[in-house]
Amino acid sequence: MGPRLGWRARLREDVDAAVARDPAVQSRAEVVLGYPGVHAIWAYRAHHALWRRGHRLAARLLSQAARSATGIEIHPGATIGRRFFIDHGMGVVIGETAEVGDDVMIYHDVTLGGRSLHRTKRHPTIGDGVVIGAGARVLGPVTVGAGAQIGANAVVVRDVPAGAVVVGVPGVVRVMPPGTPGPDAAEAVDPAIWI
């Protein structure tokens with residue numbers, strides 16, 4: 001996940017990610033003061049550190065306070081990479097064993113959820129550079145490959161290849177990664193029509 005950054009550099013990187021990905025940003029101060037997705041990831045970093053140090057109750061209480069303030073629920077046990085950006089944010093849920101790579105962007109009402117009651121890896125692994133559209137559900141210990149895009153309201157219950165575009169319920173790969181051989185290969189199109 002890259003070199004370790006000091007907390008100030010990490011905060012700056014989070015603000016830069018929001019500025020780069022949201023064309024509505026008017027100023028960096030607006031991001032710092034008024035973006036719940038950024039506030040949620042900052043709170044996550046604090047409660048995740050508590051979780052890793054074995055302060056599980058304190059971590060859960062802090063995560064619930066952040067949920068109340070932002071409308072975004074990130075379990076302290078989840079693993080989230082750098083430059084993660086949640087646009088709008090309300091209703092986002094990220095489960096305990098979820099793993100999210102670097103440069104991932106998700107929209108409001110996304111769930112990275114589980115499909116099992118067993119104490120095992122039960123939440124998704126999201127590769128670097130993935131975009132997940134509003135209302136999408138990625139459920140179970142599936143892997144979403146780097147650079148994939150999940151369309152709005154899609155329900156993903158199977159692995160997604162790197163660079164693919166997935167839409168529908170259940171999620172279906174509609175655009176294969178460039179260079180995929182075979183009759184199902186398609187030219188990449190702008191997935192924004194689904195997000």
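User: What makes the residues of H3 and H4 count as meeting each other?

Analyst: In this predicted model, contact means heavy atoms within 4.5 Å. By that rule Pro 36, His 39, Ala 40, Ala 43, Ala 46, His 47, Leu 50 and Trp 51 in H3 meet residues in H4, among them Arg 56, Ala 58, Leu 62 and Thr 70.

User: Why is H3 called roughly antiparallel to H4?

Analyst: Helix H3 (residues 36-52) and helix H4 (residues 56-70) pack at an angle of about 175°, with axes 8 Å apart. Angles under 35 degrees count as roughly parallel, over 145 as roughly antiparallel, 65 to 115 as roughly perpendicular and the rest as oblique. The angle is about 175°, so H3 is roughly antiparallel to H4.

User: How do you know what counts as a helix or a strand?

Analyst: Helices (H or I, at least four residues) and strands (E, at least two) are DSSP runs, numbered from the N terminus. The protein has four helices and 15 strands. Residues are numbered from 1 along each chain as its sequence is written. Local features need pLDDT of at least 70, side-chain atom pairs count only at pLDDT 80 or more, totals for chains, interfaces and linings use all residues, and side-chain values use heavy atoms, with hydrogens and water left out.

User: Why do S3 and S15 stand at the edges of the open sheet?

Analyst: The order of its six strands is S3-S6-S9-S12-S14-S15, with mixed pairing. Strand S3 (85-86) and strand S15 (172-175) each have a single partner strand, so one side of each is left without a neighbour in the sheet.

User: Why is Arg 83 called partly exposed?

Analyst: Buried means under 20% relative accessible area, exposed over 50%, and partly exposed in between (1.4 Å probe, protein chains only). Arg 83 has 22% relative accessibility, so it counts as partly exposed. Arg 83 lies in the loop between strand S2 (79-80) and S3, and has a positive phi of about 55° although it is not a glycine.

How values were computed. Axes fitted to C-alpha atoms, helices over the stretch in contact; angles between N-to-C directions. Pairing = 2+ DSSP bridges.
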